[in-house]
Amino acid sequence: MKPNAYRLTASTGIHKGDRDYQQDQVTVLSHSRVKGCLLAVLADGMGGRSGGRKASDQVMMTARQLFERYDPATDDPQVMLKQLLIEAHTVIKLIAISSEQEPHSTIAAFLLNPTGDCHWIHAGDSRIYHFHGNHLVKRTLDHSYVQLLVDRGEITPEQAQNHPKSNILVSCLGSDNAPSVSLHHIPQMTPGDILMACSDGLWHYFNDTELGDILSTLAPREASEFLIEKARARARGTGDNLSMVVVKFEPLPG
């Protein structure tokens, strides 16, 4: 058995929170032709009821189309992810022109190749976390006003968590300016690794240590249900839409 051999378990979770409608979308796609190749995509739509949903719809549609054509043996995964971001951004801007809405969306997506390398991309304040066991290896940094304040040393990460301007984004899909492109590459996933993407409606209510402990202890389905239930309780009737996807890399038995 290969030392890095693992099996994948995954789950998604979504809840409209205390909002009247759902604008988040999340999916995990298994490649139709290549075993062990998957794409997880999460989008948090903004811009009014139908505008935000149209924006997140477009992210999902673009992801499915590009992943269906993707060949891990010959295609560059980071080029595909950048194409996903740029194409979705372009179409969302066209939707804005043809309607009287201002649709926008975040994106957080990670692609796993069958050889075990992983690539991710994000724009906005939906996050991707990489844990090994309960230890945080890396997470995305939000494209937000409060993250800029943290980067300048004007506030602490703890102060950013509950800052009154925490919902102001400096980059997302559908904005006037081209979205920021933040990419990351993990050369080899190993047993004990955990990936999670989630919208701000979820991560807002947890610190990194809590997330690591919960994700490492529970199976993906149970972790998703527990985190959503706990976030709903902590929101106390003021919660945003929330969505998440968890993929665990579990050691093979024996």
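Modeller: Before we look at any sheet, take the rule that two strands pair if DSSP finds at least two bridges between them; strands (E, at least two residues) and helices (H or I, at least four) are DSSP runs, numbered from the N terminus. This is a predicted model, in which local features need pLDDT of at least 70 and side-chain atom pairs count only at pLDDT 80 or more, while totals for chains, interfaces and linings use all residues. Residues are numbered from 1 along each chain as its sequence is written, and side-chain values use heavy atoms, with hydrogens and water left out.

Biologist: In what order do the strands of the open sheet run?

Modeller: The order is β1-β11-β10-β7-β8, 5 strands with antiparallel pairing. At the edges are β1 (6-15) and β8 (135-139), each of which pairs on one side only. From one strand to the next the twist averages 20°, where axes are lines fitted to C-alpha atoms, for helices over the stretch in contact, and angles run from 0 to 180 degrees between N-to-C directions.

Biologist: How many bridges join β7 to β10, and how many residues of β7 are buried?

Modeller: There are 6 bridges between β7 and β10, which run antiparallel, and R127 stands opposite C198 in β10. Buried means under 20% relative accessible area, exposed over 50%, and partly exposed in between, with a 1.4 Å probe and protein chains only; on that scale 5 of the 6 residues of β7 are buried, so the strand is mostly covered.

Biologist: Which strands does helix α7 touch?

Modeller: Contact means heavy atoms within 4.5 Å. Helix α7 (residues 220-235) packs on the sheet, touching β1, β10 and β11, and its direction makes about 30° with that of β1.

Biologist: Where do the buried residues of α7 fall when seen down its axis?

Modeller: The arc is that of the directions from the helix axis to the C-beta atoms. The buried residues are P220, A223, S224, L227, I228, A231 and A235; they fall within an arc of 125°, so they line one face of the helix. They pack against β1, β10, α5 (200-203), α6 and β11, whereas E229 and A233, on the other side of α7, are exposed.

Biologist: How many disulfides does the model hold by the rule?

Modeller: A disulfide is a pair of cysteine sulfur atoms within 2.5 Å, and by this rule the count comes to 0. For C198, the closest cysteine sulfur is that of C118, 15 Å away, which is too far for a bond; for C118 the closest is in C37, at 11 Å, again too far. Both are buried, C198 with a relative accessible area of 0% and C118 with 1%.
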